[in-house]
Amino acid sequence: MKRVTVPAIRARKGEGDPLVMLTAYTVRMAQLLDPHCDMLLVGDSLGQVIYGLPSTVPVTLEMMCAHGAAVVRGSYHALVVIDMPFGSYEASPELAFASAARLLKETGAAAVKLEGGKAMAPTVRFLTERGIPVMAHVGLTPQAVNTLGGYGARGRSEAEAAKIVGDACAVAEAGAFALVIEGVVEPIAIDITRLVGCPTIGIGASAQCDGQVLVAEDMLGLFERTPRFVKKFDDIAGRISAAVETYAADVRSRAFPGADQVYVPSSPARR
Ligand code: KIV
Ligand code: NA
């Protein structure tokens with residue numbers, strides 16, 4: 001099966017067949033998600049989910065490169081998109097190009113994602129015109145937690161709503177091939193989806209977006225903090241706890257290892 005391409009994603013705008021996207025940070029998770037997803041996002045949310053950091057602000061290019069390469073190795077179907085970490089792109093289009101080129105060269109991913117609207121539009125254009133497809137990200141932009149003051153939904157006031165719509169249109173016009181809309185009141189997500197020429201990918205946005213993304217650990221019930229917009233499709237944390245409880249009891253009672261898990265001298269060793 002050929003890997004999904006950026007033009008193929010762009011062509012899905014307004015098709016009525018929503019794009020499916022999840023985050024992946026590790027090879028095994030990528031293998032499991034890949035057959036079901038159009039795109040895998042190596043999100044900088046790995047800061048909290050994998051490393052226990054307080055926000056995405058401390059995430060580095062080195063972390064994104066290491067996890068991005070693992071996700072590319074674990075997938076062959078989905079388009080892999082990598083987040084540009086905070087500090088690796090905002091200062092100038094040239095800095096952004098150097099960082100994005102490194103991400104693509106060291107991982108084999110096909111596209112980057114960056115947060116921001118009007119202020120980032122020239123950067124989106126600069127990268128796109130030089131061979132680096134960009135997915136933009138507007139609304140609740142977690143790297144801006146220190147200026148936003150938290151992770152609450154955006155766009156409740158008319159002024160804020162107008163700013164988000166303006167941001168979305170600016171990055172779409174600058175050439176973004178897709179646009180993540182995160183944590184906004186639903187009418188804004190619907191307006192943006194109608195206005196822009198590229199697919200919108202919602203997270204805490206609207207079912208009317210052209211696709212949806214979630215953090216895989218959130219929808220699987222593996223991560224402890226889950227915002228309102230997460231639907232838990234499983235309780236993997238509960239199942240891990242139960243399995244580990246049984247393992248601990250079996251070790252303590254010497255029920256494990258059993259006859260099937262030990263090597264017998266007379267027979268050839270099994271793996
Ligand atoms: O880092 C992330 O996981 C994201 C999302 C859009 C979920 O940016
Ligand atoms: Na992110």
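In this predicted model, Arg102 has a relative accessibility of 26% and therefore counts as partly exposed. Its side chain meets that of Glu62 in a salt bridge, with a distance of 3.1 Å from N to O. The pair links distant parts of the chain, since Arg102 belongs to helix H5 and Glu62 to helix H4, and the two residues are 40 residues apart. Glu62, with a relative accessible area of 47%, is likewise placed in the partly exposed class.

The two helices that carry this pair also pack against each other. Two packed helices are described by the angle between their axes and the distance between the axes. For helix H4, which spans residues 61–73, and helix H5, which spans residues 93–107, the axes come within 8 Å and cross at roughly 35°, and the crossing is right-handed. On the side of H4, the residues that take part are Leu61, Glu62, Met64, Cys65, Gly68, Ala69 and Val72, and these meet Ser99, Arg102, Leu103, Glu106 and Thr107 of H5. Sorted by class, the contact between H4 and H5 comprises six nonpolar, three polar and three charged residues.

Side chains of opposite charge can pair when their charged atoms come close. A search of the whole structure finds ten salt bridges, among them the one between Arg102 and Glu62 described above. Another is formed by Glu160 and Arg154, whose closest N and O atoms are 3.0 Å apart. In this pair, Arg154 is buried, with a relative accessible area of 16%, whereas Glu160, at 25% relative accessibility, counts as partly exposed. A further salt bridge joins Asp17 to Arg12, with the closest N and O atoms 4.0 Å apart. Here Arg12 counts as buried because its relative accessibility is 17%, which is under the 20% limit, while Asp17 is partly exposed, with a relative accessible area of 44%. Both residues also belong to a network of salt bridges in which Arg12, Glu15, Asp17 and Asp38 are linked.

Asp44, by contrast, is a charged residue that is buried yet has no salt bridge. Asp44 is located in the loop that runs between strand E2 (39–42) and helix H3 (46–49). When its neighbours within four places in sequence are left aside, Asp44 is in contact with Thr56, Val59, Met64, Asp83, Glu115 and Gln143. One of these contacts, Met64, is also among the residues with which H4 meets H5.

With a relative accessibility of 75%, Arg254 counts as exposed. Pro257 also lies in the segment after H11, a helix that covers residues 236–252. The peptide bond that joins Phe256 and Pro257 is cis, with an omega of about 0°.

Terms used:
Residues are numbered from 1 along each chain as its sequence is written. Chains are lettered from A and ligands numbered from 1 in the order in which they are written. This is a predicted model: local features need pLDDT of at least 70, side-chain atom pairs count only at pLDDT 80 or more; totals for chains, interfaces and linings use all residues. Side-chain values use heavy atoms; hydrogens and water are left out. Helices (H or I, at least four residues) and strands (E, at least two) are DSSP runs, numbered from the N terminus. Buried means under 20% relative accessible area, exposed over 50%, partly exposed in between (1.4 Å probe, protein chains only). Lys and Arg count as positive and Asp and Glu as negative; His and the chain ends are not counted. Contact means heavy atoms within 4.5 Å. Axes are lines fitted to C-alpha atoms, for helices over the stretch in contact, and angles run from 0 to 180 degrees between N-to-C directions. A crossing is left-handed if the near helix is turned anticlockwise from the far one by less than a right angle, and right-handed if clockwise. Ala, Val, Leu, Ile, Met, Phe, Trp, Tyr, Cys and Pro count as nonpolar, Asp, Glu, Lys and Arg as charged, and the others, Gly among them, as polar.
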